[in-house]
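Please examine the structure shown below.

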Amino acid sequence: MAIFVYAENINGIYKKAAFEAVSYAKSIADKNGDTVTAISVNPTDSSDLLYKYGANQVLNIKDEGLKNFSAKAYAQAVNEVSNGTGGVIIFPHTTDASSIAPMLAIMKGFSLITNAIETPESISPFQVKRRAFSGKGMMHAKAEAAGVIVTVSQNAFGVKENAVAGAEEVKNLSVANEDTKVISHEQSSGKLDLKEAEIVVSAGRGMKGPENWGMIEDLANLLGAATACSKPVSDIGWRPHSEHVGQTGKAISPNLYIAVGISGAIQHLAGVNSSKTIVVINSDPEAPFFKSADYGVVGDAFQIIPELTQKIKALKG
Ligand SMILES: Cc1cc2nc3c(=O)[nH]c(=O)nc-3n(C[C@H](O)[C@H](O)[C@H](O)COP(=O)(O)OP(=O)(O)OC[C@H]3O[C@@H](n4cnc5c(N)ncnc54)[C@H](O)[C@@H]3O)c2cc1C
């Protein structure tokens with residue numbers, strides 16, 4: 001059976017999520033004696049990076065018309081190169097990839113399972129555990145069509161090296177992409193992509209004002225973390241919208257989420273409660289966030305954050 005995987009790149013550079021999706025596809029292929037075919041649109045990075053995680057073949061789509069992202073046009077391109085009426089197509093659960101996946105499922109008549117968090121329990125029929133209800137629950141989803149498209153929750157499986165001798169094939173396409181018009185493009189202000197970050201330091205209205213974010217950034221820099229914020233903080237303009245996490249912002253699942261001065265409203269939790277470890281720093285011992293925390297510190301962030309930063313600096317020597 002063919003195992004395809006969509007290897008997402010940003011401005012030609014492969015995302016960590018692409019390596020994780022290839023690693024996931026490889027683990028399925030290995031169990032069934034199959035091979036992995038990665039598909040990417042206009043990458044500039046070398047295909048060697050995908051062979052390293054187990055891609056036996058890389059279909060490198062070259063199409064000038066796909067310079068601007070459009071879920072429909074990208075789905076059409078992936079559809080053109082992934083022929084066949086059955087099989088498995090893996091996508092990372094990134095914003096772009098998870099908007100291509102449903103369109104492709106319609107085009108192919110495949111089942112769609114989003115937010116998978118483990119390798120499949122069975123391949124035929126395809127059944128896998130997935131995150132449901134904004135991370136509040138889990139379910140076992142079973143595909144009913146002959147083919148299945150699966151999006152894999154970021155950081156759930158991890159990036160696993162499994163080098164193979166791969167081969168690349170260039171696919172020159174010219175997919176119509178007339179319905180895309182770029183109005184504005186907001187780039188995250190942090191050095192790290194928030195959705196890919198393993199550690200996130202996030203802050204809320206408890207920080208009192210934008211002038212106090214220096215200590216959040218210092219801590220984040222020290223930990224190699226991305227910065228995030230609650231919705232009101234980006235609504236007031238203290239931080240860019242690209243940092244807003246939650247039900248109406250980005251959904252993230254880092255290994256460590258540090259929440260500073262955030263109350264823990266249900267809409268905020270919806271975007272962060274899949275994080276592996278949650279540390280909450282809040283002056284109010286009754287703050288709802290403590291119920292979802294693995295570690296909680298009750299106290300004033302303005303005292304705790306600089307002290308914590310100093311302690312980590314000392315530990316790092
Ligand atoms: C439809 C809808 C969608 C929404 N979507 C989102 C979303 O996607 N993301 C999101 O974040 N919110 C969302 N919200 C808003 C959400 O309900 C909360 O209002 C918001 O998360 C609160 O932000 P906050 O915790 O920063 O502020 P607050 O609720 O004001 O909490 C501030 C916290 O800081 C603490 N604090 C104060 N001073 C200090 C100090 N010196 N040291 C330590 N702690 C201190 C306080 O004890 C308090 O717990 C949504 C709301 C609606 C209705």
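**Domains, ligand and backbone**

The C-alpha centres of domain 1 and domain 2 are 31 Å apart. The model in which they are seen is a predicted one. In the domain assignment of the protein chain, domain 1 covers residues 3-172 and domain 2 covers residues 199-316. Between these two parts there is direct contact: seven residues of domain 1 touch seven residues of domain 2. The size of an interface is often expressed as the accessible area that is lost when the parts come together. For domain 1 and domain 2, the buried area is about 550 Å², and carbon and sulfur atoms give 35% of it.

Attention may now turn to the ligand. Which residues lie closest to the ligand? Of the 26 residues that surround it, the closest are Arg205, Ser230, Thr248, Ser263 and Asn282. Sorted by class, this shell contains six nonpolar, 15 polar and five charged residues.

Several individual atom pairs can be located in the ligand site. An oxygen atom of the ligand lies 3.0 Å from a backbone N or O atom of Lys231. The side chain of His244 also places an N or O atom 3.0 Å from an oxygen atom of the ligand. In the side chain of Asp300, an N or O atom is found 2.9 Å from a nitrogen atom of the ligand. Taken alone, the ligand would expose 1000 Å², and the protein buries 75% of that area.

Two backbone details remain. Most residues other than glycine have a negative phi, and most peptide bonds are trans. The peptide bond from Ser124 to Pro125, however, is cis, with omega near 0°. Pro125 is situated in the loop that links strand 8 (122-123) and strand 9 (126-132). Asn11, although not a glycine, has a positive phi of about 50°. This residue, Asn11, is placed in the loop between strand 2 (9-10) and strand 3 (13-14).

Notes
Residues numbered from 1 in each chain as written. Predicted model: local features only at pLDDT ≥ 70, side-chain atom pairs only at ≥ 80, totals over all residues. Heavy atoms only, no water. Near = heavy atom within 4 Å. Polar contact = N/O pair within 3.5 Å; in protein donor to acceptor, adjacent residues only side chain to side chain. Areas by Shrake-Rupley, 256 points an atom, 1.4 Å probe, with all protein chains shown as cover. Nonpolar A, V, L, I, M, F, W, Y, C, P; charged D, E, K, R; others polar. Domains from an automatic or database assignment. Contact = heavy atoms within 4.5 Å. Buried area = accessible area lost by both parts, 1.4 Å probe. Helix = DSSP H or I, 4+ residues; strand = E, 2+ residues; numbered from the N terminus.
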